[in-house]
Amino acid sequence: MCLVNETDYGTPSSKSEKVVTLTIDGMKVTAPAGTSIMRAAAEAGNMIPKLCATDMVKEFGSCRLCLVEIEGRNGTPASCTTPVAEGMVVRTQTERLKRIRRSVMELYISDHPLDCLTCAANGDCELQDMAGVVGLRDVRYGYDGKNHTKAAKDQSNPYFTYDPAKCIVCNRCVRACEEVQGTFALTISGRGFDSRVSPGMAEPFLQSECVSCGACVQACPTATLIEKSVYETGTPEHSVVTTCAYCGVGCAFKAEMRGDELVRMVPYKDGKANRGHSCVKGRFAWGYASHKDRILKPMIRKSIHDPWCEVSWEEAIGYAASEFKRIQAQYGRSSVGGITSSRCTNEETFLVQKLIRAAFGNNNVDTCARVCHSPTGYGLSTAFGTSAGTQDFDSVEHTDVVIIVGANPTDGHPVFASRLKKRLREGAKLIVVDPRRIDMVRTPHVEAAYHLPLKPGTNVAVLTALAHVIVTEGLVNEAFVRERCDWDEFQHWAAFVSEPRNSPEATEAQTHVPAAAVRAAARLYATGGNGAIYYGLGVTEHSQGSTTVMAIANLAMATGNIGRVGVGVNPLRGQNNVQGACDMGSFPHELSGYRHVSDDATRQMFESLWGVALDHEPGLRIPNMLDAAVHGSFKGIYIQGEDILQSDPDTKHVSAGLEAMECVVVQDLFLNETANYAHVFLPGSTFLEKNGTFTNAERRIQRVRKVMAPKNGKEDWEITMELAEALGYPMHYDHPSEIMDEIARLTPTFAGVSYQKLEELVSIQWPCTAKSPEGTPVMHIGGFVRGKGKFMITEYIPTDEKTGPRFPLILTTGRTLTQYNVGAQTRRTANVAWHDEDVLEIHPHDAEQRGIRDKDWVRLTSRAGETSLRAVVTDRVAPGVVYTTFHHPMTQANVVTTDFSDWATNCPEYKVTAVQVLPSNGPSDWQERYGAFSEKSRRIGLIEAVE
Ligand code: SF4
Ligand code: SF4
Ligand code: SF4
Ligand code: FES
C-alpha cells in the first residue's frame, strides 16, 4: 500500500465545451478552451514546475517558476495564467527557462531555513521538490542576508502550526480560505520583503475568524502551515480512502497512516460530496478514537447501582442473550426491542434491525432518525414517492435562488456551506427562514437577499404564506404542474393557500415576519431562475414537522423547481448515516427500502431469505418503548451507537423508562449517558476500525474502509452477529460486503449496489437499478417516483406548547460547528478549545429585564424540568427567543424539552419549548445529583462473576 496520489494539475479545470489543440514540447495536446497551459500539459503527463499554483484555487501567477516559451510571443509567460489557444506551440524546457527557474529558486532558498532533514515536511514539501526539479545546486546570494528565518511560530491552533520562517508568500493559503472555504480569514500583510500571511487583524490563528477547516494547511506547499500530528507522528507512508463519520455531508478523506497509526485525515479531491474540502471535525477531530475514556472490554452488572465488571465477550453476549430470552419468556415476545445507529454503517444497521425482527421476533426497532428526520421520510414520500433529498451537492453550482429553512449550514453542514457560499459569491440569491440570524444571513462577501426571522413554531404559516403569494400573484408554473402533478389536488391546494387568512399580511401577527419580506421572497423564489430549498431540523423537529416538509414540497412543485439540476428539495441530514439508517429498515413499520411490514409480498421475500416468519404488525417507536417501559410492559433493549438519554427529549422521562427496564444493552465507544442505566456494555469500534458503507444526505453510498484493527477486538457488525447467534438465530457473514449483497437482493433501490461497483465508481447515489446502473444523482426527472406529484393541504396548527406568564420565552436548540450532537466524540478532542460548555443565547432586551449580564449563570426552566448554564447576551436571537446547544451532558438541555412531537412521526418538538430564564448561582440541584449519579454509575469494579 502507498499514499493515494492525487495529481495536482495546477489550475482548476475549464467547463468549456469548445476544445482546442496545441503543441507542448512537440506533442499534440487537446484541452477545453480556457484551460491553462499548465493544466493542459499536466493532463498530458508533462508537469511544469510550479509553486504558487494548485488546482483547488484559481491561478495567481506570482512565483514565476512555471514560465514557458510560446512561439510568436515575446518573453516567458507564466503557464498557470496563460490559457491554451488553437495552434499554440509551447516549450516548457529550454536552457533559458531552466536558468530563470534556478534563479527564482535561489531567491526562495536564500530566505528559507536550511533544516530540511529535521523539518516535519521533509519528503512532503513542494519547495524541496522544486529545488530538485530545477536542478538547484548552489545559492549565489548566500544565507546571511536579510531574512525571516527567526520569525516566531504561531502554535495557537490546536491542530496546526504556522511557521512564518518557512513561508514563501505564494498566497495559496489565502486563496484557499477565500475560494474553497469562503471564510476570508487570511490576508497578506505588509509589502515586498515584509509580506507575511496574517490571520484576521494580525491575530493568532485561534483568536481569528479562522474556522480550522484545514484548507490553507492542505494548500500550503511548504511546512509553514502543517498539522501538529505530522510533527508528532512523522510523515505518512500509506493512505486509505474512507468517509467522514460525523455529519450527513459525507466528505471523503484519505486516512494517511504511518504503520497502524493515523497521521492525518486529508480531504479526497475525488470525493463527490466534498470535492477535496473538509471541516474541523472530519479533518482534525479524530483523536477520540484513541482517547483514554474508550471502553475496550465488555462489561456486565446486575443492577445499575452496581459497579461494572469486565468480562469476556462470550460472557457478555451470553448474559445479554439469556436476559433477553428470560424477559421474553416472562413478559412476552414484544417486551424487548432495539435501536439502530445513524453513526454506524449501513451493514451494521441492517443487521441490528434483522436481529430485532428475526431473532426477537417483533418489529420493535427504531432509530435516532425518529428524533431528527422522520418527517422528511413521511413528507417527501407522500409528495414525491421517495423518502430522500432530490439532488446531489454538485447541483448547487447551477442554482440561482436558494431558500434555507431551519438549517444552519456553516455550523451543521460546513462543507456544503462552503460550496453554497461559493455559488452565492457568483451571484445566486439567498433567502433564509430562521428565527436566528445565522451566519449565512451575513458572512464575508455573502448577504441574504431576505431573512425571514420567524417565531419558532410558525414554519407552516410562513411557507403557506409564501405559497399564497405564488398562487395569488400568478407565479405558478402551470405547465409543470399540469404535466407532472395531480391537477385536481393542485386546484384544491391552490384554493386553500389563496384564502385571505393564509396571506402574509394575515399571518404576520403569528409569524412575526413582515408581510412585505414574505411577498418579496416568494417572488424571488418563483421567478429568480433555478430555485432550490435546503432544510434541516428546524423544519422537522416540530409538532408540524411533516406538514412543513409537505409545504416545502408544495412550493417546489408549484414553481416547477424539481426534477432537474440546480433545483430540488434537499434535507440536510444530521448524522453521517441517518439516510442509510432509514434506508436500511430501521423504522418499526418499514423493512429496508421503505416497504411496509404489512405488505405480504415484501415480508415473504425477507422470510424466505431469513428463514423465519416475520411479524406483520408495526412495532414500537422509541417514545412508545419508553412509555411501555414506564408502564411495565417493555423490559429489555439493545442500543447500538446511540445515547438516547442525552439526545432524546424530556430526559427525566427517558431515564425513568430506562431505569424501569431489566436489561439495557449499550454498544458504544464510551460509557455514554445511556450506559448509566445499562446492564451490559459491549465496546464498539470506530469508523477507522471497520469496513462498511455510509449513505449521505445526497443518497450517496460511500465506502468506509478499515485503516487499523479494532481496539476492542471486533467490528460492530460482528458483535451483532454473535448476539444473534446467542439468541438462537445464527447469521453468517465473513465480510460486510456479504451483508451489502443481501441488502441488494432484498431492496429494489439498492439492487445494483455491490462493493465491487463501489470500487469502480467510488460512490453510488441510490436508486441503483437496472435502469440506472450507476445510480441517480437527480431524482424525479421526467416524472415523480409515485407517479403524479401530490399537493397536500398544510393547515397551520399552532403547537400545544404555549408561552405564558410562567414560561414567557421560547427555547430553540441547535448545534455548533466544533461539536457534534451529544459531543461524545468531539468533547474528547481538542475541539473543546472552541466550545467547552453549552451556553444560552438571550436577546439584550430579555437579558436586561431579568438583570442578566453576559456570562452570568442562568436557570432555564420549562414545564418538563430545569437546568443551569451560562448566558451569552446577543441579538442573533430575536426578543422572546432563547437558544442553546445540547453537546454537554452536564447541561442536559433536553431536560427542559417536552414530549410534544410531530403528529405523523413522533419526531420530538425540540425546537419549541416555553421557558423562563432567571439568574442563578451555578449548576442546579438536578445537575449536581445527576453528576454524582453519573460518576457512581461509571465505576468499574474488580472482575467478578455476575450470578
Ligand atoms: S483553517 Fe480554513 S478558515 Fe482557517 S485560515 Fe485556513 S482556510 Fe481559513
Ligand atoms: S503559508 Fe504556505 S501557502 Fe501560505 S503563503 Fe506561506 S507558503 Fe504559501
Ligand atoms: S462537513 Fe461533515 S462530513 Fe464533511 S468533514 Fe465536516 S463533519 Fe465530516
Ligand atoms: S505556478 Fe505559475 S506563477 Fe507560480
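Which residues are found around ligand 3? The shell around ligand 3 is made up of Cys-244, Tyr-246, Cys-247, Val-249, Gly-250, Cys-251, Phe-253, Cys-279, Lys-281, Gly-282, Pro-414 and Val-415, where a residue counts as near a molecule or strand if one of its heavy atoms lies within 4 Å of it. Helix 7 (280–284) and helix 12 (414–425) are the elements that give two or more residues to this shell; helices (H or I, at least four residues) and strands (E, at least two) are DSSP runs, numbered from the N terminus.

This is a predicted model, in which local features need pLDDT of at least 70 and side-chain atom pairs count only at pLDDT 80 or more, while totals for chains, interfaces and linings use all residues. Residues are numbered from 1 along each chain as its sequence is written, chains are lettered from A and ligands numbered from 1 in the order in which they are written, and side-chain values use heavy atoms, with hydrogens and water left out.

**The ligand shells**

Around ligand 1 stand Phe-160, Cys-177, Gln-181, Leu-186, Phe-205, Cys-210, Val-211, Ser-212, Cys-213, Gly-214, Ala-215 and Cys-216, and the elements giving two or more residues to this shell are helix 4 (172–181) and helix 5 (215–219). Ligand 2 is surrounded by 13 residues, the closest being Cys-167, Cys-170, Asn-171, Cys-173 and Cys-220. The table divides each shell by class, with Ala, Val, Leu, Ile, Met, Phe, Trp, Tyr, Cys and Pro counted as nonpolar, Asp, Glu, Lys and Arg as charged, and the others, Gly among them, as polar.

| Shell | Nonpolar | Polar | Charged |
|---|---|---|---|
| Ligand 1 | nine residues | three residues | no residues |
| Ligand 2 | nine residues | three residues | one residue |
| Ligand 3 | nine residues | two residues | one residue |

**Sheet and barrel**

An open sheet of three strands runs in the order 9-10-11 with antiparallel pairing, two strands being paired if DSSP finds at least two bridges between them. Strand 9 (238–243) and strand 11 (261–267) stand at the edges with a single partner strand each, so one side of each is left without a neighbour in the sheet. Neighbouring strands of this sheet are turned by 30° against each other on average, direction ignored; axes are lines fitted to C-alpha atoms, for helices over the stretch in contact, and angles run from 0 to 180 degrees between N-to-C directions. Six bridges join strand 10 (residues 252–258) to strand 11 in the antiparallel sense, and Glu-256 stands opposite Arg-264 in strand 11.

Elsewhere, six strands close into a barrel in the order 31-35-32-34-33-36, with mixed pairing, and the twist from one strand to the next averages 45°. Strand 31 (residues 809–814) pairs with strand 35 (residues 881–885) in the parallel sense over five bridges, and the bridge partner of Thr-813 in strand 35 is Thr-884.

**A helix pair and a loop residue**

Helix 2 (residues 95–110) and helix 3 (residues 126–133) pack at an angle of about 140°, with their axes 10 Å apart. The two helices, helix 2 and helix 3, are therefore oblique to each other, a term for angles that are not under 35 degrees (roughly parallel), over 145 (roughly antiparallel) or 65 to 115 (roughly perpendicular). Met-105, Tyr-108 and Ile-109 in helix 2 meet Leu-127, Met-130 and Ala-131 in helix 3, contact meaning heavy atoms within 4.5 Å; by class, this contact has six nonpolar, no polar and no charged residues.

Gly-619 lies in the loop between helix 21 (600–610) and helix 22 (622–631), and, leaving aside residues up to four places away in sequence, Gly-619 touches Asn-363, Asn-364 and Pro-588.
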